[in-house]
Amino acid sequence: MLDFLVTLTLFNTTVLFIPVLCISYLVVKVSQSIWISSISLLHPDVEFVNYSTVRILLDTHRNQGIIAVLLAIKGKENPEAIKRHLQELVRRRDKCGNLTFVRLQQRLTTRCGTYGWQRGHFDLEQHVSLASFTYKGRAVTEFNIQEYVSEIVSKYLPADQSPWQVIIIPTSEDNHYVLFKIHHILLSEGVNVGDLLPLIPPAKQFGTVSHKSPIIDVLKKPKAIVALKEKVADEVSNSWNEFIGTYEPLECPELLKNTPTITQFLATSFITLISIIKECRRGFRVIKPDIFSKFRYLVLTYCNETSKRQVSLANFFRSILASLSPKNGLYVGFHMFWFLFVSIPIRLPIALYAESVALYTCVTLKYCPYTHTIVGILYYYVPLIYNSLFEVVDMMKILFLAPRTIIQEILLQEESLQTITLCGRKAVAWSDPVKTELIKNTAMKLGVSETEISLSACAMCISKYFAQTNENIPIVLPVTMRNISSQYLFATGPNIKPEDSVSGMICLNLPIVDTQSDATQLDNLRVLEQKFRSSIEQQGLSHLLTLLQTRFGILTKFLPSTFLSVYLKYLSRKYIVTFMEVSNRYPNVTQRTLWGQEVVSAIYWRPPQANTSISLCINEYADHIRLGVMCDAQLVPHHPVLVRGFPEFVKDLAETMK
C-alpha cells in the first residue's frame, strides 16, 4: 500500500508540473530568441547556432565532442582520390544553387558562450593530411598502429578551421588507414558522417538478415490499436469515397445543372472546405513562407474551389427555397413511404436470415465471412476494441510507474568514485575482430540476445581493467547504453538524418565479476540477463524520452539550458561508462572506396563528455565485430585492457556450451 501511495504521489506531482513545463517552453523560446538577436547585433559577422543539444550543453574547450571513424583499407594509400571526393563535397550545390555543406568551409567559434559559424579562408589542404610513414622511429605496422592513432585522436582540432579533419596513415604492410575526426555539431547542421567517407553506398545482399537489437524497441509497439486504426481508416475512406461520388459536382456534373437542396449544398460546401485545406497544405510547401504570401494563396484557392463547385451565398438561399418547394416535399414523402411500407418488409426477413447464418458460421467455423452483417461487425470489432483497451491500460500503467522508475532506477544511483581528474583529451584502442556468426550461435545456444553476449564480454574486460589498475572491483557498474544503425556512418543523401538512426537510451547496472571470486563468466551472464531484461521492461518511457530528445530536442526546448547542463553533469557522475552498439544493416557486405579498394574494417568512436570517462563502442561491420574504446587520456596506458580481451571472453562463452 505504501508503494502505491508513493507511486501515486510522484505521478500526481509530475502531472501538476505539466503546465509549468508549458510555461517553461514559452519562456525558453522567447529568451533564446532575444539572446540570439542581441548577440547577433554585437557580432554581425557570426551566424549563431539557435538550438541546443545535449552535447552542446556539455561541450567545453577542454572536453570537446569529436567523433572519430577509422577505416582500414586494403592496398596503397590514394590521397589525391580522397581530396577529389572532399573537393566535390564542399563545392556541391543544391537545386537552388546554394552550397549544400556550407559549414564545412566555415570555422566554429564561441561568442558570449554561444556557438556560431564564421566565414573565413578555406583551404582543403589544411583539412586533409598525410601522416608520417614512421612512428617513434619505427615503421607503422599492426603492432603500433593503435598507439599512433590514439596519439592523433588526442590532439585538438585547430580553432581557426572548420571542425573536421581527415588523416591518411600509410603503413609498411599492404594496407593503410584513414582517420576522420568530426565535431558533433556538424551532424546537426546537415552533414552526415557518410558524406565525408569516400565509399560506394552499400547494397544489401539477397537472403541476408541483420539482427535487431533489443535496445531499439524497448517500448512495445501496440498491435491491436494499430489494427483498429487501420480498419477505421479504411471504413472512413470508403465512406468518404461514396460521399464524394454522391455529392461532388466535379464527379457528377449533373449536380450543377439543377438547383441543389440544402442537404446537397451543405455536403458540397463541406467537400469544398476539405479541398481548400488539401490545396493549401500542398501549396504552402512551395511558396514563400511569409504570412502575406500564404494569405494570398489561401484567398486564391478559396475563390478557385468555390467557383468550380458553385458554392456561394446566393446558391445557399436558392437551396433553402428548393428544399421548401412542394415538388421536393412530394419527393421526400414518397421516398419515406417507399422505405417504410415496401423496402423494410422486403429487406427485414433477408437481413434476419443473413444475421442467423453469420451467427451460425461464427459458432461453428470460428470465422465470419459476412462482414457487412451486425454479427460480422461485432465479431471483428469487439475483440479488437477489447485488446486495444488492454494496450491502453498497459500504456497508462507505464505512464503511472514512470516517475518512480526514473527516480529510483536512474536518479538514485550511487555516484561512481573517480580516482583521477579528467583532462579532456581522448585516447582510443580497439580489439581484434570476432566473427559475428560465433556471437550469433553462442547467443542462440545460451538463449540470450547477441547484445547480452557482447555486454558480458565487455563486463569481463572492465573487471580485468580494475584488476590491472589495482582498483576495487564493484559488484555492479551503472552504465548507459544505446544503439545506432550503420546508416549513421555510411548513408548519404539530403533525406538522411543522423538522428533517425539513433535509438533511445537505457540505464543498466552492469554486473562485474570479481577476479578473486569463484563466479564464472556464465554465472555473470545469467545475472546480466536478468538485469538487462528488467531495465528493458521498466525503462520504456525514459527510453522514449531520450529518443524524442535525440530526434526533436524536446528536453532542451522545454527546460532552461543552465538547469539541464547542471543536471546532465550530475548524472554523468553516476554513469561514467557508456556503451554504444553499432548494428550492421548490411551483414556480410564489405564496402569499397570510390576508387575500388576494399574496406577491411570500420571502427566508430563516440566521445565521452562531462564526467563520463569511458565510451565503449561495439562495432559490427561485414562479418565481424570489434570493440572500440574512447576514454580520457588520464587512463593511458591501461586503456587497451578495456578491449584487448574481448575476443577471448566471447570464445570462452562459446566453449562453455560444447
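User: On what basis is the model read?

Analyst: This is a predicted model, in which local features need pLDDT of at least 70 and side-chain atom pairs count only at pLDDT 80 or more, while totals for chains, interfaces and linings use all residues. Residues are numbered from 1 along each chain as its sequence is written, and side-chain values use heavy atoms, with hydrogens and water left out.

User: What makes Arg282 and Glu279 a salt bridge?

Analyst: A salt bridge requires a side-chain nitrogen of Lys or Arg within 4 Å of a carboxyl oxygen of Asp or Glu. The closest N and O atoms of Arg282 and Glu279 are 2.8 Å apart, so the pair meets the definition. Side chains of opposite charge can pair when their charged atoms come close. The structure holds 16 salt bridges.

User: Where do Arg282 and Glu279 lie?

Analyst: Both belong to helix 9 (residues 262–283), three residues apart, about one turn of the helix. Helices (H or I, at least four residues) and strands (E, at least two) are DSSP runs, numbered from the N terminus.

User: Why is Arg282 called partly exposed?

Analyst: Buried means under 20% relative accessible area, exposed over 50%, and partly exposed in between (1.4 Å probe, protein chains only). Arg282 has 46% relative accessibility and therefore counts as partly exposed. Glu279, at 28%, is also partly exposed.

User: How is Glu529 classed, buried or exposed?

Analyst: Glu529 stands at 13% relative accessibility, so this residue counts as buried. Its salt-bridge partner is Arg526, with the closest N and O atoms 3.2 Å apart. Arg526 is partly exposed, at 34%.

User: Why is strand 14 described as largely enclosed?

Analyst: Seven of the seven residues of strand 14 (residues 577–583) are buried, so the strand is largely enclosed by the rest of the structure. Val577, Phe579, Glu581 and Ser583 point one way, and Thr578, Met580 and Val582 the other way. In a regular strand the side chains alternate between the two faces of the sheet.

User: How do you know that strand 14 pairs with strand 12 and with strand 16?

Analyst: Two strands pair if DSSP finds at least two bridges between them. Strand 12 (residues 476–485) and strand 14 are joined in the parallel sense over seven bridges, and six bridges join strand 14 to strand 16 (residues 614–621), also parallel. Val577 is the bridge partner of Val479 and stands opposite Ile614 in strand 16.

User: Why is helix 8 called oblique to helix 9?

Analyst: The axes (lines fitted to C-alpha atoms over the stretch in contact, with angles from 0 to 180 degrees between N-to-C directions) of helix 8 (residues 224–247) and helix 9 come within 10 Å and cross at roughly 120°. That makes helix 8 oblique to helix 9, because angles under 35 degrees count as roughly parallel, over 145 as roughly antiparallel, 65 to 115 as roughly perpendicular and the rest as oblique. The contact (heavy atoms within 4.5 Å) includes Trp240 and Phe243 of helix 8 and Ala267 and Ile271 of helix 9.
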